[in-house]
Amino acid sequence: MAAAFTVISLLLSVCVQGAAPVLSFTRSDFPEDFVFGSATSAYQYEGAVAEDGRSPSIWDTFTHAGNMPDKSNGDIAADGYNKYKDDVKLVIDSNLEAYRFSISWSRLIPNGRGAINPKGLEYYNNLIDELATHGVQVHVMISQLDPPQILEDEYGGWLSPKIVEDFTAYADVCFREFGDRVSHWTTLDEVNVAALGSYDIGQIAPGRCSDPFGFGTKKCTVGNSSVEPYIAAHNMLLAHASATRLYREKYQAVQKGVVGINIYTMWAYPLTNSTADLEASQRFLDFYCGWILEPLVFGDYPSVVKKNVGSRLPSFRKVQSEAIRGTIDFIGINHYLSVYVNDHPLEKGIRDFVLDVAADYRGYATRNGSLHDTDRVDYMKNHINSTLTALRKNYFPEIYPHPVLTCRNGANVKGYFAWCFLDVFEYLTGFSSQYGLYRVDFEDEALPRQARLSARWYSKFLKKGIRVEDELDDAGSHVEQ
């Protein structure tokens, strides 16, 4: 659900801040092993929610309860379940080198554990084969915000440590069945978003929160915003680590793949140069990024998170700390925008995650659903430009110095995935926000796809030897309406 996905070893944004921009670049300027792609996710793209043995996910329940602003649901979405062959052809025609998608847990294993659904297995095998046959690198998200409703009903989903065993068994099926053709695995997508949106403000499925912390005018009826986000994230980290250890012990030597995790990021700039705002910016990063990443690198949560959250934050036992540390081959970043941050005194009384951060922030983002999405082209151009700059630049951060985040030899960035490949059901706004590289006409039952300017620009950029500036001008003068 983010604008771009960049696979990196550490936080890319840190390395970009002071780097001089690259003035002109081509696809050939990037390393040979760097990949450009795009992405979708299961519930947002596939549709066919009641076809071929799929059971409901938490999103089916959430949307059918009328929780979306436009009262929509993903019953049909972009109908990727039935249109995947045509969409793979678009992937190929767009010169994409990689494609990232998620697997629907409830389509592959409808009961959450146990028997595999043969039709679900067939669909994902067919999709992977279509991509691999045409030389497109396959990147798989094992779970993307949509666990089976049956596990939510049985023990509360991510709120129970029982899900660690079930998720590991599900991941085992994915590794075993698809690992001969898939070498890039993301266990969980946007872990911090899942914890906050699902269990703090209740904006996304399963929509849990407690007053007064619900999003907007939402009336919270079930949940505890003060503790549940931290419990859910804790269990997600343990599940990720368990699945990663399984892959390393059972599959990695033969399949030669890598396993990582994905987080949503906003880079934080201090609103002023005051000490309070500088500290607030670092605290913001520690909460939104360090909360998820530091346990996987160092085996424990950041000190400021432990201090501000106190006893509401679950703790890792020594054996757990040792088990989770180092369980990432890469870090995936979903990035929309950067924000300005200023200090907000830590409030007394009942707090949720947002109040625990003790910082206010503001940012600005645009989404253009027209075919002539010039702002999207500019956005992609600038981010790809900054990525190349980060790859090349020897940069030592003057702000927020941290030995782990120092890019002495440039950032170890491995890929750039534009979100989204085509218009899908958007988790926050349903069908009122459309920003895929390809437009989907949801008013037409056939759901036809049409390339936006951004799709044509991206395709031309990925042809070796074509410079960005020339192709941007050319693409802008040939727009199909």
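So, Ser-38: leaving aside its neighbours within four places in sequence, this serine is in contact (heavy atoms within 4.5 Å) with Leu-96, Ala-98, Tyr-99, Arg-100, Phe-417, Ala-418, Cys-420, Phe-421 and Leu-437. Quick note before I go on: this is a predicted model, where local features need pLDDT of at least 70 and side-chain atom pairs count only at pLDDT 80 or more, while totals for chains, interfaces and linings use all residues. Residues are numbered from 1 along each chain as its sequence is written, and side-chain values use heavy atoms, with hydrogens and water left out.

Okay, back to Ser-38. You'll find it in strand E2, residues 35-39; strands here are DSSP runs of E with at least two residues, helices are runs of H or I with at least four, and both are numbered from the N terminus. Is Ser-38 buried or exposed? Ser-38 counts as buried because its relative accessibility is 0%, and buried means under 20% relative accessible area, with exposed over 50% and partly exposed in between (1.4 Å probe, protein chains only).

Now look at Leu-422: it sits 384 residues from Ser-38 along the chain, yet their C-alpha atoms are separated by 9.1 Å. And a polar atom of the Ser-38 side chain lies 3.1 Å from the backbone nitrogen of Phe-421.

Of its 135 residues, Trp-59, Phe-101, Phe-178, Trp-185 and Tyr-458 touch the most other members. Helix H10, residues 228-250, gives the most to this core, with 11 residues. H10 is mostly covered, too: 18 of its 23 residues are buried.

Note on methods:
A nonpolar core is a set of buried Ala, Val, Leu, Ile, Met, Phe, Trp, Tyr and Cys residues joined through side-chain atoms within 4.5 Å. A polar contact is a pair of N or O atoms within 3.5 Å; within protein, one must be able to donate a hydrogen and the other to accept it, and residues adjacent in sequence count only if both atoms are side-chain atoms.
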